[in-house]
Structures are given as structure tokens and as C-alpha cells.
Amino acid sequence: MSSSAASGHHPIAEVAPLSLCAREPHVPADRLVAEMVPPPRFEAARFDTYIPDPNQPSQTEAVCVLSGFAAGLGGAHASGAGKRRWFQKKAAAPAGPRGIYLDGGYGVGKTHLLASLWHATPAAPEQKAFGTFVELTNLVGALGFQQTVRTLGGHRLLCIDEFELDDPGDTVLVSSLLSKLVGEGVALAATSNTLPGKLGEGRFAATDFMREIQGLSSHFKALRIDGEDYRHRGLPEAPAPYSEEQVTKAAYATDRASLDDFPHLLEHLSKVHPSRYGALTDDLGAVCLTDVTPVPDQSTALRLVVLADRLYDREVPVLASGVPFDRLFSEDMLNGGYRKKYFRAISRLTALARDAKGLVDA
């Protein structure tokens, strides 16, 4: 077999590229629960594969603290081993913090550490859950609040990546959910990002987090992780967009690649619930986009953020023509209340654009 065939890149494709716009996935609620595990990008993440920056001692400290936290979650479920019999009195939840909050900026490895915690916790996979804040709110929407409590209440650990503080309603919903789960003895771990406009101002994100979750804050210990975005450590600048002809040619020459016009894709995303964006990207080898233009409004921009997260989780390269990814969002958006999400999307799409360079013939 030739090296090009082995890599999935062929001179001439036997079939036309896939299209995201042609996909209308249906995702049953039980799949949402079953998929609450670290994404493929972090499937192999472990504490010993995290490489701390020698100039940032807080990164080494984080590994030590989280390793100890994981070890402390061994044994029976905190509120009793398995299901209690009807005549048994519910055991009290342990005193002191039952959660860890990882406080830090973009690309310092918080998700890697969170996934490592999930893997290191001595419990069966079905007793641990890992998902983003958005995925957790989608789960509540699919199952209902009480059923979500019953479903996750028997877990030993719940990891929440990218905890979001910019939607008061969702913040109250998740805070209420976590309070119920803490009462059931579930240990918690969460990450979020320091807002770009507040970088360098110490523990802003941690202070914000503790304030917004109010009564739940006593259950969390904040763990600061300093450092620069690893996606830009010693790496070249993001590649400039390619021509439409180059993108189209690469789509036809790459196994399981999709090819879509960017404005049409944005329109299609408005018809698909964000909880289905993961299924929308199932089995893709690459995403090829033509005519990338700045997003027209905030609702569209927020949907694009979710898609970017799902593509990044699944390590799907993104090849595009049009404007560079750092021009997707207007200055008003980047300076507004959702700027954290937009900066994250730019960072992740830039990383995926670098991954896509090999799809274009030199």
C-alpha cells in the first residue's frame, strides 16, 4: 500500500466529498449520557503525558494536587456503596471541598488535566462523567432536571469542561444541578477560562466562578494554572486561507472529507440543535469550507463556537478559503460578553487549520 493511501490522501477520490449541510442527525438521550467521556483528542491524556512548563511551577503543582484528588475518590461511592436499601439512612456527604476548579487562561492544558483526572479516578467508566458545560445543559434539556439528577447521582465523579458564566439562566440551572449531585456524594471538577479582557488580573475567573455558583462555592477548591497558550508555543503562525480551487481539490482527494459553502453551513446549523453537532461531525476525516466570511450575528456566532468545539474534540482538520479565522468575529463580538467563547473558537480553529496543511499538495 502506498504512503498516500495509508494516510487517507488519494490523488483521485472515488466518490464526491460529504456535506455537513446534507446531514440531519437524530441523537437519542441515552447517547448523550453514554458519550459523556473525554473526547477523542484527550482519550490518551494522562498525568504523566502532561508536560508542565518549567517556568510555570503552578502547572507541576496542579498535577500533584489532582493526582491526590483522584486517589481520594477510590472505594465506595461517597454516599454509600451502590444503591441504598429503603430502610437505610442516607450517609452524609463528606465534609470539606468535594470539587476542584481549574482556573487559568487559554491553552495551559486544563482540559488535558481534567481528562487525566477522569482516567485516574479508580471507578468504572459508567461511574464517571465528562462533558462541557453546554453538553451538560443539553443533557438536562433532553432528560429533564430530576432524571438528570437520578442519572448522574450514582456517579463518583463529574468533570465539567469550559464552565460558562455568561448566561445567568444556565449558570443557575447547572449550579442547582451540582448542588443536588454534591448531596448525593458526587465529586466535581470544572474548568473555565479567564476572560481575555481580564488576563493578568490574578484570580478573576476563580472569583467570578465562586460568586456565580453562590452556595456551591464551599464545595470547590480553586487551583490556579498559569502559562501561555500551548497552541502557540514555538509553532508557526496559522496558515493563510487557501484558494477555493485548492480547498475543493483537497476535499475530493481526502477520504471522508466534507465540502461545504460556509454561508450555507451557517444557515444549516440554525436548523440543527447544538446537542447534535457532535453527531453532525461523526466519521469525518476533514472539513473543507469555501467562502469563509465573518459571521453576521451573535446567534450564528455562538452556534459556530459549538461546532468548533466538537471539531476540536474530534481532531478534525479544517481547510478553508475566504477570510482568516481570526476575522470571523467582529470587534463588537470580541469585546462583548461572549468574547471568551469567540477567542476559544479562534484558538481551536487555528489549531485545526494547522492540522489541515498536509491536505494541500505542496
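**Note on a predicted protein model**

1. **Threonine 300.** Threonine 300 sits in helix H12. The structure is a predicted model: local features need pLDDT of at least 70, side-chain atom pairs count only at pLDDT 80 or more, and totals for chains, interfaces and linings use all residues. Residues are numbered from 1 along each chain as its sequence is written, and side-chain values use heavy atoms, with hydrogens and water left out. Is threonine 300 buried or exposed? It counts as buried, at 7% relative accessibility. Buried means under 20% relative accessible area, exposed means over 50%, and partly exposed lies in between (1.4 Å probe, protein chains only). Not counting residues up to four places away in sequence, threonine 300 touches Leu266 and Val295. Contact here means heavy atoms within 4.5 Å.

2. **The chain as a whole.** The protein chain has 14 helices and 8 strands. These are DSSP runs, numbered from the N terminus: helices are H or I with at least four residues, strands are E with at least two. The chain holds 362 residues, and 49% of them count as buried. Take the contacts between residues at least 6 apart in sequence: 86% of these join residues at least 24 apart. The accessible surface comes to about 16600 Å², and 53% of that belongs to carbon and sulfur atoms. Such areas come from the Shrake-Rupley method with a 1.4 Å probe; for residues, only the protein chains shown count as cover.

3. **H10 against H12.** Two packed helices are described by the angle between their axes and the distance between the axes. Helix H10 (residues 262-269) and helix H12 (residues 298-313) have axes that come within 10 Å and cross at roughly 95°. H10 and H12 are therefore roughly perpendicular to each other. H10 brings Phe262, Leu265, Leu266 and Leu269 to the contact, and H12 brings Thr300, Arg303, Leu304 and Leu307. By type, the contact residues are 6 nonpolar, 1 polar and 1 charged. The axes are lines fitted to C-alpha atoms, for helices over the stretch in contact, and angles run from 0 to 180 degrees between N-to-C directions. Angles under 35 degrees count as roughly parallel, over 145 as roughly antiparallel, 65 to 115 as roughly perpendicular and the rest as oblique. Ala, Val, Leu, Ile, Met, Phe, Trp, Tyr, Cys and Pro count as nonpolar; Asp, Glu, Lys and Arg as charged; the others, Gly among them, as polar.

4. **H5 against H7.** At what angle do the axes of H5 and H7 cross? Helix H5 (residues 133-143) and helix H7 (residues 168-183) cross at roughly 75°, with axes that come within 11 Å. H5 and H7 are therefore roughly perpendicular to each other. Phe133, Leu136, Thr137 and Val140 of H5 meet Asp170, Thr171, Leu173, Val174 and Leu177 of H7. This contact divides into 6 nonpolar, 2 polar and 1 charged residues.

5. **The cores.** In soluble globular proteins, nonpolar side chains tend to be buried together. A nonpolar core is a set of buried Ala, Val, Leu, Ile, Met, Phe, Trp, Tyr and Cys residues joined through side-chain atoms within 4.5 Å. The largest one has 62 residues; Leu113, Leu117 and Phe329 touch the most other members. H12 supplies the largest share of this core, 8 residues. Leaving aside neighbours within four places in sequence, phenylalanine 329 is in contact with Val295, Ala301, Leu304, Val305, Leu334, Tyr342, Ala345 and Ile346. Apart from this core lies another of 24 residues, including Ala129, Leu139, Leu177 and Ala279.

6. **Helix H9.** Which residues of H9 (residues 244-253) are buried? They are Val247, Ala250, Ala251 and Ala253. These residues pack against strands S6 (257-261), S7 (286-292) and S8 (318-322).

7. **Two exposed loop residues.** Lysine 271 lies in the loop between H10 and helix H11 (277-280). Lysine 271 counts as exposed, at 62% relative accessibility. Lysine 271 and glutamate 24 are 247 residues apart in sequence, but 8.7 Å apart in space, C-alpha to C-alpha. Glutamate 126 is in the loop between helix H4 (110-120) and strand S2 (128-132). Glutamate 126 is exposed too, at 59%.

8. **Positive phi.** Aspartate 283 is not a glycine, yet its phi is positive, near 60°. Aspartate 283 is in the loop between H11 and S7, and it is exposed at 62% relative accessibility. Aspartate 291 also has a positive phi, of about 60°. Aspartate 291 is in strand S7 and is partly exposed, at 37%.
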